Amino acid sequence: MSMMIELTFFLGLQIKQSPKEIFLNQTKYTKELIKKFGMENANSIGTPMSPTTTLEEDKNRKNMDETMYRGMIGSLLYLTASRPDIMFSVCKCARFQSAPKESHRTAVKRIIRYLTGTSKLGLWYAHSNNFVLKSFSDADFVGDRIDRKSTSDTFQLLGKCSNFLA
């Protein structure tokens with residue numbers, strides 16, 4: 001027989017529980033990610049990606065190590081479990097894993113710079129018996145410059161969940 005204790009850490013998720021709320025974040029993992037890619041001294045930035053950023057194949061630019069780029073993308077994708085604010089930017093950069101260029105790495109580094117200033121951000125669930133599922137969607141019809149495909153995104157909220165800074 002085992003002793004059951006309050007869950008505080010699970011698969012990289014830090015969990016803080018109280019009678020009125022549950023807070024999920026990946027602060028420890030975020031700080032390790034920033035250190036892993038040598039950006040602990042980088043200045044933070046206010047957004048993960050500029051609205052005017054357009055990522056393209058950039059055949060004329062210098063190639064980047066695919067293994068390193070894929071490692072950066074994989075680390076960021078794991079972080080999206082508690083950080084929906086970076087999901088769109090990370091997925092946009094993930095499209096270029098087969099032939100990443102310096103411009104793509106610059107976009108990923110911007111996401112990491114954003115994380116340096118928001119490492120304590122996570123998901124907050126207030127205690128409630130009202131579990132209403134809200135869903136939002138958005139679409140960019142034929143907005144991709146490379147293959148002219150549409151991009152869509154959805155976002156779901158369960159109950160009173162919100163982004164919250166610890």
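Which side chains meet in a salt bridge at 3.1 Å, N to O? The side chains of Glu66 and Arg70 do so, and they are shown in one of the close-up views described below. The model is predicted.

**Figure 1. Overview of the chain.** The chain contains four helices and seven strands. Read from the N terminus, its elements follow the order β-β-β-α-α-α-α-β-β-β-β. Of the 166 residues in the chain, 34% are buried. When contacts between residues at least 6 apart in sequence are considered, 74% of them join residues at least 24 apart.

Figure 2. Side chains of opposite charge can pair when their charged atoms come close. The count for this model comes to four salt bridges, among them that of Glu66 with Arg70. Both residues belong to helix α2, where they are four residues apart, about one turn of the helix. Glu66 has a relative accessible area of 31% and is partly exposed. Arg70 is likewise partly exposed, at 41% relative accessibility.

**Figure 3. The salt bridge between Asp85 and Arg83.** A salt bridge joins Asp85 to Arg83, with 3.0 Å between the closest N and O atoms. The two partners fall on either side of the 20% limit under which a residue counts as buried. Arg83 has a relative accessible area of 1%, so this residue is buried. Asp85 reaches 23% relative accessibility and therefore counts as partly exposed.

**Figure 4. The salt bridge between Arg105 and Glu102 in helix α4.** The side chains of Arg105 and Glu102 meet in a salt bridge at 2.8 Å, N to O. Helix α4 spans residues 102-117, and because Arg105 and Glu102 are three residues apart in this helix, about one helical turn separates them. Arg105 is partly exposed, its relative accessible area being 25%.

**Figure 5. The aromatic pair of Tyr29 and Tyr78.** A pair of aromatic rings is described by the distance of the centres and the angle of the planes. The count for this model comes to one aromatic pair. The ring centres of Tyr29 and Tyr78 are 5.2 Å apart and the ring planes stand at 65°, so the pair is edge-to-face. Distant parts of the chain are linked in this way: Tyr29 lies in helix α1 (residues 27-36) and Tyr78 in helix α2 (residues 66-79), 49 residues apart. Tyr78 is partly exposed, with a relative accessibility of 36%.

**Figure 6. The packing of helices α3 and α4.** Two packed helices are described by the angle between their axes and the distance between the axes. Helix α3 (residues 87-94) packs with α4 at an angle of about 160°, and the axes are 10 Å apart. Angles over 145 degrees count as roughly antiparallel, and α3 and α4 are therefore roughly antiparallel to each other. Their crossing is left-handed. Ser89, Val90 and Cys93 of α3 make the contact with Ala107, Val108 and Ile111 of α4.

**Figure 7. The surroundings of Asp58.** Asp58 is located in the loop between α1 and α2. Its relative accessible area is 23%, so Asp58 is partly exposed. Apart from neighbours within four places in sequence, Asp58 is in contact with Lys101 and Ser103. Along the chain, Asp58 and Ser103 are 45 residues apart, while their C-alpha atoms are separated by 7.8 Å.

Terms used
Residues are numbered from 1 along each chain as its sequence is written. This is a predicted model: local features need pLDDT of at least 70, side-chain atom pairs count only at pLDDT 80 or more; totals for chains, interfaces and linings use all residues. Side-chain values use heavy atoms; hydrogens and water are left out. Rings of Phe, Tyr and Trp (its six-membered ring) pair if their centres lie within 6.5 Å; planes under 30 degrees apart count as stacked, over 60 as edge-to-face and the rest as tilted. Helices (H or I, at least four residues) and strands (E, at least two) are DSSP runs, numbered from the N terminus. Buried means under 20% relative accessible area, exposed over 50%, partly exposed in between (1.4 Å probe, protein chains only). Axes are lines fitted to C-alpha atoms, for helices over the stretch in contact, and angles run from 0 to 180 degrees between N-to-C directions. Angles under 35 degrees count as roughly parallel, over 145 as roughly antiparallel, 65 to 115 as roughly perpendicular and the rest as oblique. A crossing is left-handed if the near helix is turned anticlockwise from the far one by less than a right angle, and right-handed if clockwise. Contact means heavy atoms within 4.5 Å.
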